[in-house]
Amino acid sequence: MMHDLSKIEEIIDRSPKEPGALIAVLQDIQREFHYLPCEALTATSRALGVPLSKVFSVSTFYNAFSLTPRGEKIIRICQGTACHIKGAKLVQEQIESNLGIKAGETTKDMKYTIEVVNCVGACAMAPVIIVNNKYHGKVRCDQTRKLLGIK
Amino acid sequence: MRITSAEHLTQLQKEYQKEAAKFPRKILVCLGPGCLAAGSDRIYDAFLNHIAQRNIKGITVEAVKKTGCHGLCTQGPLVTIEPDGLFYTRIQAKGVPEIIEKTLEKNEVITKLLYSTPGKSQKIEKWADIPFYSHQMRIGLRNVGQIDPENIKDYVAVGGYQALAKALTMTPEQVISEVKTSGLRGRGGAGFPTGKKWETCRKVDSDIRYVICNGDEGDPGAFMDRCIMEGDPHSVLEGMIICAHAVGSISGYIYVREEYPLAILNLQKAIEAAREFGLLGKNILGSGLNFDIKISRGGGAFVCGESSALMRSVAGEVGEPRAKYIRSVIKGLHDKPTVLNNVESFATVPVIINEGGKKFASIGTPRSTGTKAFSLAGKINNTGLIEVPMGISLREIIFDIGGGIPDGRKFKAVQTGGPSGGCLPESKLDLPVDFDSLTEAGSMMGSGGMIIMDDRTCMVDVAKYFLGFLVEESCGKCVPCREGLYQLHALCVRITEGKGEPGDLELMEKLSKYIQLGSLCGLGQSGPNPFMSTLEHFREEYEAHINHKKCPAGVCRALIKYEIIDACTGCLACIPVCPVGAITGEKKKKHFINQAICDQCGSCYAVCQFDAIEVK
């Protein structure tokens, strides 16, 4: 997949050129593209003077980074303790069956990605799902289609 | 504008108070995580729009404030009208005109929006009279829900940064001594005395020292720190600046997890405002103190709550802990002496300086002084954010403040301390909540998440959940944690699948001991706790799974089956939610589950409104 390299350069230019800025740069790139394109990893490595192996190590260590492209709508299912005991697993299975993919995967048409997160700190509204940064609380498994915007 | 001295600050405080007094009636809209999930941003906008359109005497848009978490999340979206103390619950955007018309214009109370006690039909008008609030004591959360977190003037008006001004008139040693007198112990979970930590850091000979605030809050089920960072960011900054003065630091970091975008935003705004006011940067309040703070965003790794891992992450590296022969307070970030405190600890410091360490120490128990914030979640009526004096019993928290267990079900256990903590049963309900009592009982204080479980929660499943979490989050550096927890989890899974064998529990106990002894950092050392504590208090439940192949709580899928009973009205609701298509039936006729297809997921049970599905 081809990417607008100037965007990557712009992000790198904004940050201090030191190894300590690595995570922040990767976070900004991830925010722009919703994942870390291969070109971005090599460009970051060169600009910050960090070996590519280390860039790869950091980008696979933290959950927030993805090395594969993600869909237009990102559905994050909270699996924190409160959500777990209030049936988040059911909600997850329902969404997986609605979209025909498993957590961590993206639909073939690049429309949806399902992600599981550990806790988003909205425990009072458990179970919680987040569709493109919008929180939905007290989700029941018969509501998932509506929340995803599918029939 | 720069504030140049303590007198200048006091003068501004008076000015802002006068400004605020122009709007005696305030409408506080909660934009905490719970209310926001229920759409409180739309309610805030509705208040602004409707008030702007109408001309009401004494009420202008300036009177509408968006605040941090009000606490009683389960009743959200919440709106408080001050100074009356009127408390409205479950508000909808379309109900806003009625509130303006009746309550603001005619001073009428809208009964249907009032809080009603669980189970009883008693309506309570004022928040201060609701048991959820009347049993609390707020120090760390003192401003959360009361002020607009995005406006530094609000914070200054309620006496913000006065503690800093006072601290700057004291010597660093005096500040440290005051914090030591208060007996404050780290609110992040380990409970290390804060004053002692500061003193050690100050005494280390070094050109640079760092102050870091740990806002990683990785424990699932905990959201206190989030609410403080979102709802009262300046109190955290003030605590950090006081600490910088005490230990002699010029550079600080706040490490916030990326899952909390609003906390990052509000902290960033607070830092910028504080710089503009001369409360961060060079020559703070004209005292000669130089200190600045940067935000470091986490990357979603639980282990980064651990001090040495966090510091590596701040430095832009992989967050793996190191062996702590030398503590991070001596050799921390970039190998320099570093004070790392939790959000709530820093937010508490200004109160200690203002009111004196002695007064703080008079609250709570002798070895756990002051108050502690907790988040209540799970199977409890009043889910939300609370702060109580240390030493209060679990029973008071769960039943008096929390309002007990919903749907008439029975209390089974309370989980404290996140994945490193444990589950405490009914027999421990009268235990005082303090650092030492909880640790003795096999759990721990942790950062303050409390998950309440009822008799429909399987304790083996809970242990499996936490172990699974830790297996995912183990950084993999040391073998006891990486492999040990993996095996422990695998054994737990086996038991929940009905394949447990006699001797499994003994094997797991032995393995747990090795993991505790052999792991490098706190994650591994405390990793077996969820298993050990559930085994200690709920051994019979494990045995039922292994020996009788039964899950008494009706959770573990391999050991249960669902059946539709005669109460079924034939409403068809369960048919489309069954992911495997195991349910058949016609309208108004009893439905049927084909056991050969059913995978016991429980979706049907979750949506049935007539209690017509039974777990066997």
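The structure is a predicted model, in which local features need pLDDT of at least 70 and side-chain atom pairs count only at pLDDT 80 or more, while totals for chains, interfaces and linings use all residues. Residues are numbered from 1 along each chain as its sequence is written, and chains are lettered from A and ligands numbered from 1 in the order in which they are written.

**Chain A at a glance**

- Chain A has 7 helices and 4 strands; these are DSSP runs numbered from the N terminus, with helices (H or I) of at least four residues and strands (E) of at least two.
- Along the sequence, the elements of chain A come in the pattern α-α-α-α-β-α-α-β-β-β-α.
- A box of roughly 50 × 30 × 25 Å, taken along the principal axes, is filled by the C-alpha atoms of chain A.
- Chain A has 151 residues, and 43% of them count as buried. A residue is buried if 20 or more other C-beta atoms lie within 10 Å of its own, exposed if 12 or fewer, and partly exposed in between, with C-beta atoms placed from the backbone.
- If you look at contacts in chain A between residues at least 6 apart in sequence, 60% join residues at least 24 apart. Here, two residues are in contact if their C-beta atoms, placed from the backbone, lie within 7 Å.

**Domains**

- Chain A is split into domain 1 (5-61) and domain 2 (73-148), with bounds that come from an automatic or database domain assignment.
- The C-alpha centres of these two domains of chain A are 29 Å apart.
- Chain B is divided into domain 1 (25-82 + 86-125), domain 2 (152-361), domain 3 (371-454), domain 4 (459-547) and domain 5 (561-615).
- Taken over C-alpha atoms, the centres of domain 2 and domain 5 of chain B are separated by 53 Å.

**Where the chains meet**

- B:Lys379, in the loop between strand S12 (371-378) and strand S13 (384-389) of chain B, is in contact with A:Ile85 and, leaving aside neighbours within four places in sequence, with residues of chain B including B:Ile405, B:Arg409 and B:Asp454.
- B:Lys379 counts as buried, with 24 C-beta neighbours inside 10 Å.

**Helix pairs**

- In chain A, helix H3 (residues 38-48) and helix H4 (residues 52-61) pack at an angle of about 125°, with their axes 9 Å apart. Axes are lines fitted to C-alpha atoms, for helices over the stretch in contact, and angles run from 0 to 180 degrees between N-to-C directions.
- H3(A) and H4(A) are therefore oblique to each other; angles under 35 degrees count as roughly parallel, over 145 as roughly antiparallel, 65 to 115 as roughly perpendicular and the rest as oblique.
- A:Leu41, A:Thr42, A:Thr44 and A:Ser45 of H3(A) make this contact with A:Leu52, A:Val55, A:Phe56 and A:Ser59 of H4(A). By class, these residues are 4 nonpolar, 4 polar and no charged.
- In chain B, the axes of helix H9 (residues 194-203) and helix H11 (residues 233-247) come within 9 Å and cross at roughly 45°, so H9(B) and H11(B) are oblique too.
- B:Trp198, B:Cys201 and B:Arg202 in H9(B) meet B:Cys243, B:Ala246 and B:Val247 in H11(B), a contact with 5 nonpolar, no polar and 1 charged residues.

**Backbone details to look for**

- Most residues other than glycine have a negative phi, and most peptide bonds are trans.
- A cis peptide bond joins A:Ala126 and A:Pro127, with omega about -10°, and another joins B:Gly76 and B:Pro77, with omega about -5°.
- B:Tyr161 has a positive phi near 65° and is buried, with 27 other C-beta atoms within 10 Å.
- B:Gln600 is not a glycine, yet has a positive phi of about 55°; B:Gln600 is buried, with 20 other C-beta atoms within 10 Å.

Notes. Nonpolar A, V, L, I, M, F, W, Y, C, P; charged D, E, K, R; others polar.
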